[in-house]
Amino acid sequence: MKRTSSLLIAALFLTSYSQLSHAQNLTMAPESDPVGIGLLFINKTQDLPIYNSQNNRAAFDTIKIKRIMEGKRKGSFEISTANTKNLFNPYQSCEGSSDEEGKSLINSGLGPLEFRLVFRVLKYYKDEFKVIISEKDKTIAIIKIPKEDSINGFETWEHYLKRVAAIEPIGPYYGKGLPVFDVPDGKQINPQFRIQTHIDSVKGNWLRITDDGKLSGWVKWRDNDKVLVRFIERFIE
């Protein structure tokens, strides 16, 4: 009995050590461009392996996505990891509405929240994406998405920004608005804006905005490693 207990404790210790070792082998996002080149949208609700380097063929962890089949949360999804529990903090994450919550939202004239999992992408190589898996400390890992996968998808910041319904200043600019310029790094020409509903051009850190002919100019959506706006993908009428 003692021998069995000792073996069990040793096994648990080795498992914990292995998980810690894998986590310690993860690297941090470079300070030069931590905002990245775009977003990776995970729409397929199935387990997703993650790797700690491009050359590793064996996954060090798996993002488990499981639909809840009973209880108060029935109908929503559970997102979990084993080795990166304390590190896992994606750009956006939503487990979706439960069946009960969905009915309540529909009765209120809205719609149920959908499952959502989004990572910021630093680089990609064919079907491998270097993503930030922790927004808290900028820890990075590799997620592999086959080319034939038409459900999950990568979107550049430029493409994403042009399709969002609106942007709203955040952080120190919240409530005050962002200044509008005639050209990037040019002369301030208009009062600050709070919510803008049309983006027609993207140039690095800058967006060209228009508002029914009343306002036209450039605003900064990012300042190197900081995003200055919140993205509103759609309005609910």
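Mentor: The largest pocket is lined by 30 residues, and Gln92, Arg116, Phe231, Ile232 and Glu233 lie nearest its centre. A pocket here is an open set of points on a 1 Å grid over the protein atoms alone, where a 1.4 Å probe fits, with protein on both sides within 12 Å along at least five of seven lines; lining residues have an atom within 4 Å of a point. Its volume is about 870 Å³, taken as the space filled by probe spheres set on the points, which are joined across faces, edges and corners.

Before going on, some ground rules: this is a predicted model, where local features need pLDDT of at least 70 and side-chain atom pairs count only at pLDDT 80 or more, while totals for chains, interfaces and linings use all residues. Residues are numbered from 1 along each chain as its sequence is written, and side-chain values use heavy atoms, leaving out hydrogens and water.

Strand 2, strand 6 (92-94), strand 7, strand 18 (226-227) and strand 19 each supply at least two residues of that lining. Strands are DSSP runs of E, at least two residues long, and helices are runs of H or I, at least four, numbered from the N terminus.

Now stay with Phe231. The structure holds 13 aromatic pairs, meaning rings of Phe, Tyr and Trp (its six-membered ring) with centres within 6.5 Å; planes under 30 degrees apart count as stacked, over 60 as edge-to-face and the rest as tilted. Tyr160 and Phe231 have ring centres 5.4 Å apart and planes at 80 degrees, so they are edge-to-face. Tyr160 sits in helix 3 (residues 157-163) and Phe231 in strand 19 (residues 229-232), so this pair ties together parts 71 residues apart in sequence. Tyr160 counts as buried at 1% relative accessibility, and Phe231 does too at 12%; buried means under 20% relative accessible area, exposed over 50% and partly exposed in between (1.4 Å probe, protein chains only). Ring pairs also link both of them with Phe41, Tyr91, Trp157 and Trp221 into a cluster.

One more stop: the largest nonpolar core, which has 20 residues. Such a core is a set of buried Ala, Val, Leu, Ile, Met, Phe, Trp, Tyr and Cys residues joined through side-chain atoms within 4.5 Å. Strand 2 (38-42) and strand 7 (116-125) are among the elements giving two or more residues to this core. Apart from it lies another core, of 19 residues, and Trp221 is one of them.
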